[in-house]
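Here is a short note to read alongside the model. Please keep the view open while going through the points.

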Amino acid sequence: CPSAGRPLYVRPRSRELGSMRNRIILALAPLALLAAAGCDAGADGEARTQSMQQAGPEATAMVAEAVVYKSPTCGCCTGWIEHLRANGFEAEPVDLEQYAALSAKKAEHGVPSQLASCHTARIGGYTIEGHVPAEVVARLLREQPDDIVGLAVPGMPIGSPGMEGPNPEVYDVIAFDEAGNQSVYATIDPR
């Protein structure tokens, strides 16, 4: 039932989980969740997504670790990291003192300049730019599309994770590929 394309990569959560046996168990855990959720080989993508949504974002997050490149003084970046952690992701902040260093990370990971936000993360082999909700990241990791390199929420829309506040606004999560082509991956209405 898992999508064809990228192989599932599981990073052990600690040194104790580093043995080959435990890596295999962790690699098979998402498949067990799919089976438990009633996913069969004939299920279409929508049924597969609904089954995993019922299992919750933590089902995918348990196999993902986020490395988040950010400014040490950015409060909304810290808020987004807390949002990831609250949804089961392990998140490691990497503070970059110079804006040039953060810009270089964005370029290194293929973020188109018009999609830039305040932080850049790497999760499950994908680039996540800005305030992308954890449930959308979990969907990306479940689907494992091989035609995109990442997701972005350009700017800092009010109501996005880490940018909570009055008058939340509807915003798009944009998928982008290596050539910089873009498409709407999800529309979020936090109102």
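**Notes on the predicted model**

1. The structure holds zero disulfides (a disulfide is a pair of cysteine sulfur atoms within 2.5 Å). This is a predicted model, where local features need pLDDT of at least 70, side-chain atom pairs count only at pLDDT 80 or more, and totals for chains, interfaces and linings use all residues. Residues are numbered from 1 along each chain as its sequence is written, and side-chain values use heavy atoms, with hydrogens and water left out.

2. The largest nonpolar core has 27 residues. Such a core is a set of buried Ala, Val, Leu, Ile, Met, Phe, Trp, Tyr and Cys residues joined through side-chain atoms within 4.5 Å. I123, I128, L151 and V173 have the most contacts inside it. Elements that each supply at least two residues include β1 (65-70), α4 (75-86), β3 (120-123) and β7 (182-188). Helices (H or I, at least four residues) and strands (E, at least two) are DSSP runs, numbered from the N terminus. The largest share of this core, five residues, comes from α6.

3. What does I123 touch? Not counting residues up to four places away in sequence, its partners include W80, L84, F89, I128, V137 and L141 (contact means heavy atoms within 4.5 Å). A second, separate core has six residues, among them V111, L115, A152 and I174.

4. Helix α5 spans residues 99-108, and its buried residues are L102, K105 and K106. They lie on the same side of α5 because they cover an arc of only 100 degrees around the axis (taken from the directions from the helix axis to the C-beta atoms). β1, β3 and β4 are among what covers these buried residues. The face turned away carries the exposed residues A100, A107 and E108. Just after α5, G110 takes a positive phi of about 80 degrees.

Definitions and conventions
Buried < 20%, exposed > 50% of the residue type's maximum accessible area, 1.4 Å probe, protein only.
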